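Let's take a look at this protein together.

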Amino acid sequence: MKKTLALVLAVVMMLTAIPFAFAVNTEKPFDNSLFYKVNDDYTLHYRVYEAKGEEKNQILLIHGFCLSTATFEGLAEIYAENGYRTILVDVPNFGYSSRETDDTELMDREDVIYALMENLGGTFIVGGHSMGGGLAINLATDHPEAVTGLVLFAPQTSFEGSAPSTLFGSKPQQIMMEVVRTVILWFPTLIRYALVAGSFSSMEFAKDYDITKITDPFTIKGTGAGIAIMSTHTRGSDLEKLKALSIPCVVVTADKDMVASAENLKEIIDNSPEGTKVVNFTEGGHMMMEYNPTKAAEETLPVIEMCK
């Protein structure tokens, strides 16, 4: 038994040490990439799509689990064309933001992102996809003075950090998550099929999808370990506070979503501010706003226009 465990550990260590010949520019991933250093431990990568013509308002969009700012590129361009300055941000441990380690003085993800909002100044319409939707809800309930509207795509609230999640952040689990990161890099075809099954519901769309949008950030060493550590200090959402808000809100769902918890999604909708608009996509799955950004914009812009 001990020999078997030793062999498994050896394989794990070998996989995490494999060098990858991927040319990813982490200093300037995109033409509109910017970085904001919150403190010694956190640096956020974000992108700004400036409003065309007169600026009506500004929107901050937060991606889902294992994704990045690339998720919202199409939608951000449309929002900007309609006069909305649109900011996309990578959550810590994802995209091109910094990774948490055992030496990090941990901060709530919401506090890190709010530090960026304060630096940018003004008020925001905040949007989020999946995990990012839960973060958007928390930002709205934490800072109602700064958030004037919510745009939620298949939102999911997080579980509070607990004993099981603390275990998940242990060193063995960090190593295992680094192995998962390695597998993602070696077998991108698996991601493509996962996108078909749970996110896009269309093989035609998935087969032409630029898979490097997902795999490139996973070339950054420590991504898997950072995700494991993140689980130890996630925050849940106070849905009673969400219901008490008096701001425009839109929730977008999809018939073919195989990722989002239907129970959690219903709970969020039931506790959304009075007058919340609920939109359902018959196609597109969990990542409906990336599958069809034009429809996503058409359905959400009327609510966005109500935000002051």
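## The whole chain

Count up the secondary structure of the protein chain and you get 14 helices and eight strands. Keep in mind that this is a predicted model.

How much of the chain is tucked away? Of its 308 residues, 53% are buried. Now look at the contacts between residues at least 6 apart in sequence: 79% of them join residues at least 24 apart.

## Where two helices cross

Find helix H2 (residues 73–81) and helix H14 (residues 293–304): their axes come within 10 Å and cross at roughly 45°. That angle makes H2 oblique to H14. The crossing is also right-handed.

Which residues do the meeting? From H2 come Gly74, Leu75, Ile78 and Tyr79, and on the H14 side they meet Pro293, Thr294, Ala296, Ala297, Thr300, Leu301 and Ile304. Sort this contact by class and you find eight nonpolar residues, three polar ones and no charged ones.

Is Thr71 buried or exposed? Its relative accessibility is 6%, so Thr71 counts as buried, since the cut-off for buried is under 20%.

So who are its partners? Setting aside neighbours within four places in sequence, Thr71 is in contact with His63, His129, Met289 and Glu290.

Methods: Residues numbered from 1 in each chain as written. Predicted model: local features only at pLDDT ≥ 70, side-chain atom pairs only at ≥ 80, totals over all residues. Heavy atoms only, no water. Axes fitted to C-alpha atoms, helices over the stretch in contact; angles between N-to-C directions. Helix = DSSP H or I, 4+ residues; strand = E, 2+ residues; numbered from the N terminus. Parallel < 35°, antiparallel > 145°, perpendicular 65-115°, else oblique. Left-handed = near helix turned anticlockwise from the far one by under 90°. Contact = heavy atoms within 4.5 Å. Nonpolar A, V, L, I, M, F, W, Y, C, P; charged D, E, K, R; others polar. Buried < 20%, exposed > 50% of the residue type's maximum accessible area, 1.4 Å probe, protein only.
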